[in-house]
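Dear colleague,

Here is the structure I said I would pass on. My notes on it follow below.

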Amino acid sequence: MKAIHCKELTKQYRRKAALDGVDLSIDDNKIIGLIGRNGAGKTTLLKIISGMLRESSGHVEVFSKRPFNNLFVSANSIYIDDQMNFPPSLTLKELLKEGRRFYKNWDHDLALRLFEHFGFHEKESHKNLSKGKESTFNMIVGLCSRCPLTIFDEPTTGMDAAVRKDFHRALLKDYIAHPRTILLSTHYMNEMEDLFEEVVLLDHGKLRLHTTMDDLREYAIGLSGKVSSVQPWLEGRDVLDQQESGLDDVQVAVKHDYTDGEIQRMRLDGISVTSIQPTDACMFLTKQEGGGLDHVFRSNESE
Ligand SMILES: Nc1ncnc2c1ncn2[C@@H]1O[C@H](COP(=O)(O)OP(=O)(O)OP(=O)(O)O)[C@@H](O)[C@H]1O
């Protein structure tokens with residue numbers, strides 16, 4: 001069954017198209033990573049899916065319902081980000097107790113165990129937490145709600161590396177025991193790629209790629225060697241990035257649609273063939289036009 005279905009989804013903020021004709025279908029009971037550069041439209045998409053924002057045009061369905069202001073969708077989903085507002089008069093422990101009232105699948109035992117594991121104090125208040133602790137508390141709420149659609153928008157903001165690792169493990173363990181649809185946006189794809197079954201990549205409000213993590217690992221390969229050896233292998237191919245090094249050496253990231261036989265022949269031509277990490281593939285796929293940072297410094301040097 002489809003948990004989420006978007007067709008030509010657009011969100012316009014005055015003259016700015018934050019989402020521009022997004023077609024996307026997501027099956028239920030999967031962990032999906034939402035990736036994209038700053039301003040790509042991730043938060044906008046997640047807020048539309050969770051029913052907090054209304055689309056400008058196109059079509060969006062969550063559990064076969066239009067999410068905006070929909071009671072069924074809001075009862076079956078949770079949206080966690082770093083700007084969550086909780087009633088200031090309640091302590092952290094009291095907030096967890098409230099979880100029971102709001103979420104029908106709430107696991108209070110797990111909430112208390114995580115609360116203790118991450119070193120919270122029962123009388124603390126949410127507004128006095130440090131950035132990393134705030135994210136950790138929000139993560140506990142997101143996990144323990146066990147909503148059929150759980151949305152985490154940059155959930156690890158401010159968490160230190162050890163807490164991020166614990167979060168990934170907790171998420172995976174709980175998901176395996178209680179499968180549901182988890183949509184998670186992050187800029188730390190290299191740390192999270194083992195969690196994701198699929199990845200959705202946004203670029204300037206458009207869907208650039210929606211694929212399985214396994215396919216993304218094979219999406220591109222790196223070729224490096226003499227220009228004269230490498231160049232013939234690039235004809236008619238989708239070159240994602242190309243850097244000249246030295247006088248006549250080149251390093252290229254190219255979409256991998258070569259056969260095993262072709263790879264063998266490249267190696268015989270003296271070309272080094274390497275894999276491209278998913279994070280790098282996403283970076284190349286969403287590369288900014290205009291020559292990058294080197295170009296900025298080059299302009300300065302020429303003055
Ligand atoms: N309320 C708003 N009014 C006007 N423009 C907005 C508003 N919210 C977002 N935008 C613009 O829409 C675009 C997409 O923003 P969005 O927050 O969805 O991106 P994002 O991928 O989540 O970015 P980041 O990774 O930096 O959090 C950006 O250009 C942003 O400036």
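Please keep in mind that this is a predicted model.

Ligand shell

Two elements, β2 (16-27) and α1 (42-49), each contribute at least two residues to the shell around the ligand. The largest contribution comes from α1, which gives three residues. The residues around the ligand are Tyr 13, Lys 16, Ala 18, Gly 36, Asn 38, Gly 39, Ala 40, Gly 41, Lys 42, Thr 43 and Thr 44. Sorted by class, the shell holds six polar, three nonpolar and two charged residues.

Sheet

An open sheet is built from six strands with mixed pairing, and their order is β5-β6-β7-β3-β8-β9. The edge positions belong to β5 (77-80) and β9; each has a single partner strand, so one side of each has no neighbour in the sheet. On average, neighbouring strands are turned by 15° against each other, with direction ignored.

Within this sheet, β3 (residues 31-35) and β7 (residues 181-185) run parallel and are paired over four bridges. Ile 32 is placed opposite Leu 183 of β7. Helix α1 packs on the sheet and touches β3, β5, β6 (149-153), β7 and β8. The direction of α1 makes about 155° with that of β6. The helix that packs here is also the one that gives the most to the ligand shell.

Eleven residues of domain 1 and seven residues of domain 2 take part in the contact. On the domain 1 side, α7 (189-192), β8 (198-203) and β9 (206-212) are the elements that give two or more residues. That side consists of five charged, four nonpolar and two polar residues. Two of its contributors, β8 and β9, also stand next to each other in the strand order given above.

Annotation

The unreviewed UniProt entry carries the annotation "domain: ABC transporter" for residues 4-229. Over residues 4-229 the chain is 35% helix and 30% strand.

Best regards

Note on methods
Residues are numbered from 1 along each chain as its sequence is written. This is a predicted model: local features need pLDDT of at least 70, side-chain atom pairs count only at pLDDT 80 or more; totals for chains, interfaces and linings use all residues. Two residues are in contact if their C-beta atoms, placed from the backbone, lie within 7 Å. Ala, Val, Leu, Ile, Met, Phe, Trp, Tyr, Cys and Pro count as nonpolar, Asp, Glu, Lys and Arg as charged, and the others, Gly among them, as polar. A residue is near a molecule or strand if its C-beta atom, placed from the backbone, lies within 6 Å of it. UniProt positions are given in the numbering used here, feature names are shortened, and annotations may be inferred rather than shown by experiment. Two strands pair if DSSP finds at least two bridges between them. Axes are lines fitted to C-alpha atoms, for helices over the stretch in contact, and angles run from 0 to 180 degrees between N-to-C directions.
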